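Have a look at it first, then read on.

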Amino acid sequence: MDKKKTPKQPFFKGIKEDFKNYNKINENEEKVFKSKLFSSYKGTFVLKTPFRSSFSFGIIALSKRQQNAETLKHEYGHRLQLKQMGLFKYIKHVAIPSVTAYRLHRKGKLTLDYYGSPWEHEADTLGNVNRKTNNTPWQIPQNTTATRMLKQMK
Ligand SMILES: [Zn+2]
């Protein structure tokens, strides 16, 4: 036990607060970050997770380590992609390539900017993210596709 720890808000009290504060059409990012476990952002359910990174699959699973507007808006952009594409296309054109690109990125094998891929770039655009440090669109030659380019990096 760490005695220096300040008493945390009890978990169940936090959940009770989340229920009380829950507003499906909330557009305030800060309200999402202040929630204990769940909230909503522009009609999309947001769950805080202990995972390293965030993802979106109908709901937004926001990592506790990524409590920032850039990530939240980006994941919301993925939510809109799912709505526009439908589940099958979303899995094929966003979910699978982004997991592949993320794995390559973690291994240092991704030779292009992670956020510059067509699916990440589009999520940023739809979510209204103005990324300053990266998001350089991939230059895709006419005779190939972004997914094929990924395969070559493995
Ligand atoms: Zn993404």
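1. Ground rules. This is a predicted model, so to speak of local features we need pLDDT of at least 70, and side-chain atom pairs count only at pLDDT 80 or more, while totals for chains, interfaces and linings use all residues. Residues are numbered from 1 along each chain as its sequence is written.

2. Overall layout. The protein chain has 6 helices and 4 strands; helices here are DSSP runs of H or I with at least four residues, strands are runs of E with at least two, and both are numbered from the N terminus. Reading from the N terminus, the order is α-α-β-β-β-β-α-α-α-α. Along the principal axes, the C-alpha atoms fill a box of roughly 60 × 35 × 30 Å.

3. Of the 154 residues in the protein chain, 23% are buried. The cut-offs: a residue is buried with 20 or more other C-beta atoms within 10 Å of its own, exposed with 12 or fewer, and partly exposed in between, with C-beta atoms placed from the backbone. For contacts, two residues qualify if their C-beta atoms, again placed from the backbone, lie within 7 Å. Among contacts with a separation of 6 or more, 30% join residues 24 or more positions apart.

4. Helix α3. This helix covers residues 69-85, and its 17 residues should span 24 Å at 1.5 Å a residue; the end C-alpha atoms are 24 Å apart, which agrees. (The expected span is 1.5 Å times one less than the number of residues.) The buried residues in α3 are Leu72, Lys73, His74, Glu75, Tyr76, Gly77, His78, Arg79 and Gln81. Just after α3 comes Gly86, with a positive phi of about 90°.

5. α3 against α4. How do α3 and α4 pack? Their axes are 7 Å apart at an angle of about 130°, with α4 running over residues 87-106. Axes are lines fitted to C-alpha atoms, for helices over the stretch in contact, and angles run from 0 to 180 degrees between N-to-C directions. The two helices α3 and α4 are therefore oblique to each other; angles under 35 degrees count as roughly parallel, over 145 as roughly antiparallel, 65 to 115 as roughly perpendicular, and the rest as oblique. Their crossing is right-handed; that label applies if the near helix is turned clockwise from the far one by less than a right angle, and left-handed if anticlockwise. On the α3 side, His78, Gln81, Leu82 and Met85 meet Leu87, Lys89, Tyr90, His93 and Val94 of α4. By class, this contact has 5 nonpolar, 3 polar and 1 charged residues. Here Ala, Val, Leu, Ile, Met, Phe, Trp, Tyr, Cys and Pro count as nonpolar, Asp, Glu, Lys and Arg as charged, and the others, Gly among them, as polar.

6. α4 against α6. Helix α6 (residues 146-153) packs on α4 at an angle of about 30°, with the axes 10 Å apart. That makes α4 roughly parallel to α6, and the crossing is left-handed. Pro97, Thr100, Ala101 and Leu104 from α4 meet Ala146, Thr147, Leu150 and Met153 from α6. The class count for this contact is 6 nonpolar, 2 polar and no charged residues.

7. Glu29. This residue sits in helix α2, residues 29-34. Is Glu29 buried or partly exposed? Glu29 counts as partly exposed, because it has 17 C-beta neighbours inside 10 Å. Leaving aside residues up to four places away in sequence, Glu29 touches Ala69 and Leu72.

8. Lys42 has a positive phi of about 50° although it is not a glycine, and Lys42 lies in the loop between β1 (38-41) and β2 (44-49). With 16 C-beta neighbours inside 10 Å, Lys42 is partly exposed. Asn128, in the loop between α5 (118-127) and α6, has phi near 70°. Asn128 is exposed, with 11 other C-beta atoms within 10 Å.

9. Two threonines. Thr111 is in the loop between α4 and α5 and counts as exposed, with 11 C-beta neighbours inside 10 Å. Thr111 and Leu150 are 39 residues apart in sequence, and their C-alpha atoms are 9.1 Å apart. Thr100, in helix α4, is partly exposed with 17 other C-beta atoms within 10 Å.
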